[in-house]
Amino acid sequence: MWGSGYVATKVGLQYAPPFTFLTLRFCFGLLCLAPVVALWPPRWPQTRTELGHVTVAGLLMHAVQLGASHYAQYLGMSAGVTALIISSQPLLTAIIASRWLHARLAPGQWAGVFIGLAGVALVVWHKIDIREVTAGSLAATLIAVCGVTAATLYQRVFAPHTDLKAAAVIQFAASAAVLAPLAMAVEGFTVHWDWQLVAAIAFLVIFASILAVSALHVLMRHGEATRVTSMMYLPPIFAVLLELALFHVVPSALSLVGIGVTCTGVAMTVWTKPWKSPTSSS
């Protein structure tokens, strides 16, 4: 689901600039969630503190991460450079988790994190073009990777048991409230309506914003942060496969080698038995 988001976003940004596109996406998401919430009422946050934590996590994940990554793509950032920087999330998560969250990783897991990142570099090597990198697009991409890392860890630490349906409603509403003024002020809320735009929005809302993000939070609740986020190395692989299926773009031999290296790195990180934290129970 994460991998398919690359292709759908590329399509959608042809018809609306990033902040406008995301505002439409979150508003459509609220419409999709309305009947779900009506039929299966969620457990809403009980305190202002809990509501605040859910809102902050949502703004980091949706407004900051998606807003920055979409804007970098809109500015013409090379797809390869974007994928490589965003894919550094597992490494950043491993550093933060080991330093501040009392997580200890086995040497094999550390090796898997670096091997996975090297594999991603091989997968997207043919799309890396530093000539298209500008200060603005690079800054936006770095903000995006910091946003998704912070959002993932923040919700794990401060809102680990929040009802995911309630969280989605709150986070979509908060993100739309933040991005809509930017869309009006910066972009004039310009939209070129087309069925492909509607299809891209619907696809991203249902599969990426709702199912993929919910799956990530479920995994984070039941697994070690680094082991879960290491699977974020895999979206570029699925993006390559989708390009083959939809646009008949045949992956190069280097990309095929990169896919194998990436999968090896993820396997080493996910399946290696982690060392227990000194504070964990036996």
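Predicted model: local features only at pLDDT ≥ 70, side-chain atom pairs only at ≥ 80, totals over all residues.
**Checking the labels**

Q: What makes Cys32 partly exposed?
A: Its relative accessibility is 23%. Buried means under 20% relative accessible area, exposed means over 50%, and partly exposed lies in between (1.4 Å probe, protein chains only). The value for Cys32 falls in that middle band, so Cys32 counts as partly exposed.

Q: Why is α3 called roughly antiparallel to α7?
A: Helix α3 (residues 48-74) and helix α7 (residues 135-158) pack at an angle of about 160 degrees. Their axes are 7 Å apart. Angles over 145 degrees count as roughly antiparallel, under 35 as roughly parallel, 65 to 115 as roughly perpendicular and the rest as oblique. The angle of α3 and α7 passes the antiparallel cut-off, so the label holds. Helices here are DSSP runs (H or I, at least four residues), numbered from the N terminus. Axes are lines fitted to C-alpha atoms over the stretch in contact, with angles from 0 to 180 degrees between N-to-C directions.

Q: What is the hand of the crossing where α3 passes α7?
A: The crossing is left-handed. That term means the near helix is turned anticlockwise from the far one by less than a right angle.

Q: How do the residues of the contact of α3 with α7 divide?
A: There are 15 nonpolar residues, eight polar and no charged. Nonpolar covers Ala, Val, Leu, Ile, Met, Phe, Trp, Tyr, Cys and Pro; charged covers Asp, Glu, Lys and Arg; the others, Gly among them, are polar.

Q: What makes α1 roughly antiparallel to α9?
A: The axes of helix α1 (residues 2-12) and helix α9 (residues 195-222) cross at roughly 155 degrees and come within 9 Å. That angle makes α1 roughly antiparallel to α9. Their crossing is left-handed.

Q: Why does α5 get the label roughly antiparallel to α6?
A: Helix α5 (residues 89-100) and helix α6 (residues 107-123) pack at about 155 degrees, with axes 9 Å apart. So α5 is roughly antiparallel to α6. The hand of this crossing is left-handed.

Q: How do you know whether Thr269 is buried or exposed?
A: Thr269 has a relative accessible area of 0%, so Thr269 is buried. Thr269 lies in helix α12.

Q: What sets the class of Ala267?
A: Ala267 is also placed in α12 (residues 253-271). Its relative accessible area is 22%, so Ala267 is partly exposed. Ala267 and Phe26 are 241 residues apart in sequence and 34 Å apart in space, C-alpha to C-alpha.

Q: Why is Glu224 called buried?
A: Its relative accessible area is 18%, so Glu224 falls under the buried cut-off. Glu224 lies in the loop between α9 and α10 (225-229).

Q: What makes Ala16 buried?
A: The relative accessibility of Ala16 is 2%, so Ala16 counts as buried. Ala16 sits in the loop between α1 and α2 (18-39). Ala16 and Leu197 are 181 residues apart along the chain, yet 8.1 Å separates their C-alpha atoms.

Q: How do you know the class of Ser87, buried or exposed?
A: Ser87 has a relative accessible area of 1%, which means buried. Ser87 is in the loop between α4 (79-86) and α5. Its C-alpha is 8.5 Å from that of Pro236, 149 residues away along the chain.

Notes. Residues numbered from 1 in each chain as written. Heavy atoms only, no water. Helix = DSSP H or I, 4+ residues; strand = E, 2+ residues; numbered from the N terminus.
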